[in-house]
Amino acid sequence: MKMFLTRSRVRSVATTVAVALTLTLAAAAGCDSRQESPLPSVNEKLRETHIYGQPTLKIGVSTTGPLMGELHGGTYTGFDVEIARYIAAQLGYEGDKRIEWVPVATEDRIPAIQGGAVDLVVSTFSMTDEREKLVSFAGPYLVTTQEAMVPTRLKDSIRTIEDLRDPRYKVCTSGGSTTEAELGKHQIRVFVVKEVGDCVDGILEGRYDAVSSDETILAGFLSKHPKDFTIIDMPFGTSEQIGVGVPISDPALRDLVAFFLDKSYQQGRKGLSSPWLTAYHQTLGPWLRAPKVQPPPLNVPKLVDFDDKAPRK
Amino acid sequence: MTAPTVAGGSDVGADPSTPRPARGRDPDERRARASQSFWTVVVAVPAIFSVLRLGVEAGGELQTTLLLVANVGPVNLLAGFLTTAARLLSTGLVAVFALGAVLGVSVDRLPGYRRPLFARWADITPAWFVLASFLIALVTWPLLYLPLLLPALAAAFQLRPDRLHDVAAARVLIVAALFGGYLFFLAPTLLDAWQQRELLVLALFVVPPVLALTIAGPLPGAVIRPLASVTEAAVLAMLVWASLPVISTPVLPLTVTTVEATPGTTEDVRGHVVVVDDVNMVLLQERGGVRYVPIDQVKAQVLCPSEEELPRHRLRVHDFHVEDSLLEGLGRRVRPANRIDAACRSTG
């Protein structure tokens, strides 16, 4: 009898504890359901940017880079342009009516961002420490190496960096580019012009003998003149990370661009089609000797968005 | 669900020999009156809530409220209310039935003790209604809170482990196997939750099944009265607290309408479409005010999510987001979510 009473008492106490704990957990769940996300949302970030409320988005692109950024009959085409369109659509500016394309030369990219002429630059913009003191970068969305392109007639004469040092050969590159600095490090005398296209024209006119730039830019010109040029694989050393330039005063915009680049990267990782892959196959893909994949963007913020609950598989 | 004793409302603790029921009403009459009151509440609460929602949606403006009343059909309003309030309603009912059953069995063994309100409600409610409430909760509650249904179910139907097997060792084995299977099923989610330091999520997944084992049974006599009073007040407060977002949840879907008032110039209007006729589209703007847009100026329209739909956790149970209910999760698999339309972003 005593044992029965004890068991009964233990059961009563257990029931009391269970009821109390269940009510506590239910109350905690109720509070949890009313709390806001600890992470900022994409829309919150968007409201912090300087572009919020703007009717159009001003994007700086190249108009003279075949396969990367080019203007043809009033239409912008190229890998950079497609990446820019994807980012713009994610930011709320879908379609070319909502985008104000601003042609920027290589050397004008930083002043254009600093001066507010553009909201962001997507123009084969290498992410370097020096530049990061002046503008912010989101990315990379592409990793390239520096190469040299020579006319077909010189493909057996110019094969190494040593050959480029030969004073007989006039090497050309665009001003303000990372290639200019890299060639200087290798003591290569270089002729600096405004755009890589000017170098290509100069070679065709016999003024220069070689042009050095990012492999993607050179692949673009090779696609224009496949019989006239050859790309020489030169071990310049460093690879270059290509990113999207944004004003240094707008970290929220940088975060959003990095977030959307990462979204595309994650889609590609799962073996799904991604905006990056689509842009790549439409433009650069067929012209590069070694196929590329989207590199993982750096410093991607954790944000919540409306499609976070969507099935992943 | 019926209780072994007749629902009595009077406190006869002072004289246990006094026959129940008191105050001259027979149990059938009380039951009929209670049932009548219950169904009145079931019909009246959604109706009142719906009207309140229209007022809130209209921004407190009388004319806008009248515009909405004139254009939002009662069936649509009720369906909209049930869609957004099913979770709240089932939560209230589950809480009442679970607490009512525990309090009921606790009072049963104390003759002359006044039956708490929830116990009386549980007594007069048919078992099918209790079961239906749990089923609605099962499909409408977020997955994260579903484990709480286990102790609630065990409490409401007074399910004890004794029913699993006569032999104690076998019972332990069955319970251990069930709990092991449950943990194995949730292992990836629990690991993620641990890595993200989501301790509440861990507790919500792991603790309730354990509590379900011991929650059935009577409470000590000293606990009944304070628990009854506190939980009645708490459930009422919870319902009021949780009903505020339900009242402020929009009745009409949120859209962004692209309007071309002058050639070449478009404007995105974010708001709710009240009605469309041959001449105008009437938009209740999100920032307030009603706008009549000539129908030939409407160039595009997209459906947008609202910020209340943003998730708070980054956890999934076998690819079902923990904040989705079973219904929502299954729905996402039938119609996978499209990406957010750009127009929804640009107008904030």
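Because the model is predicted, local features need pLDDT of at least 70 and side-chain atom pairs count only at pLDDT 80 or more, while totals for chains, interfaces and linings use all residues.

**Where the chains meet**

Start by showing both chains and selecting the contact, which takes 36 residues from chain A and 38 residues from chain B; two residues are in contact if their C-beta atoms, placed from the backbone, lie within 7 Å. On the side of chain A that touches chain B, helix 1 (2-34) and helix 2 (42-48) of chain A each supply at least two residues, and helix 1 of chain A gives the most, with 15 residues. Helices here are DSSP runs of H or I with at least four residues, strands are runs of E with at least two, and both are numbered from the N terminus. By class, this side of chain A has 17 nonpolar, ten polar and nine charged residues, where Ala, Val, Leu, Ile, Met, Phe, Trp, Tyr, Cys and Pro count as nonpolar, Asp, Glu, Lys and Arg as charged, and the others, Gly among them, as polar.

**Helix 10 of chain A**

Next select residues 251-269 of chain A, which form helix 10: its 19 residues reach 26 Å from the first C-alpha to the last, close to the 27 Å expected at 1.5 Å a residue, the expected span being 1.5 Å times one less than the number of residues. Among the buried residues of helix 10 of chain A are A:Leu253, A:Leu256, A:Val257, A:Phe260 and A:Leu261, together with charged ones including A:Arg254, A:Asp255, A:Asp262 and A:Lys263. A residue is buried if 20 or more other C-beta atoms lie within 10 Å of its own, exposed if 12 or fewer, and partly exposed in between, with C-beta atoms placed from the backbone. The buried residues of helix 10 of chain A pack against helix 2, helix 3 (79-90), strand 6 (120-126), strand 7 (135-151), strand 12 (239-247) and helix 11 (275-282) of chain A. Just after helix 10 of chain A, A:Gly271 takes a positive phi of about 85 degrees.

**Helices 3 and 11 of chain A**

Keep two of those neighbours in view: helix 3 and helix 11 of chain A pack at an angle of about 155 degrees, with their axes 9 Å apart. Axes are lines fitted to C-alpha atoms, for helices over the stretch in contact, and angles run from 0 to 180 degrees between N-to-C directions. That angle makes helix 3 of chain A roughly antiparallel to helix 11 of chain A; angles under 35 degrees count as roughly parallel, over 145 as roughly antiparallel, 65 to 115 as roughly perpendicular and the rest as oblique. A:Phe79, A:Glu82, A:Ile83 and A:Tyr86 of helix 3 of chain A make the contact with A:Pro275, A:Ala279, A:Tyr280 and A:Gln282 of helix 11 of chain A, a set that divides into six nonpolar, one polar and one charged.

**Two residues with positive phi in chain A**

Now select A:Thr124 in strand 6 of chain A, where phi is near 40 degrees, a positive value in a residue other than glycine. A:Thr124 is buried, with 27 other C-beta atoms within 10 Å. A:Asn299, in the segment after helix 11 of chain A, has a phi near 50 degrees, also positive in a residue other than glycine, but A:Asn299 counts as exposed, with 12 C-beta neighbours inside 10 Å.

**Chain B and its helix 3**

Turn to chain B, which has eleven helices and seven strands, and whose C-alpha atoms fill a box of roughly 85 × 55 × 30 Å along the principal axes. Buried residues make up 30% of its 348 residues.

Select helix 3 (residues 74-108) of chain B with helix 6 (residues 149-156) of chain B: their axes come within 7 Å and cross at roughly 45 degrees, and the two helices are therefore oblique to each other. B:Val94, B:Phe97, B:Ala98, B:Ala101 and B:Val102 in helix 3 of chain B meet B:Ala152, B:Ala155 and B:Ala156 in helix 6 of chain B, a contact with eight nonpolar, no polar and no charged residues.

Methods: Residues are numbered from 1 along each chain as its sequence is written. Chains are lettered from A and ligands numbered from 1 in the order in which they are written.
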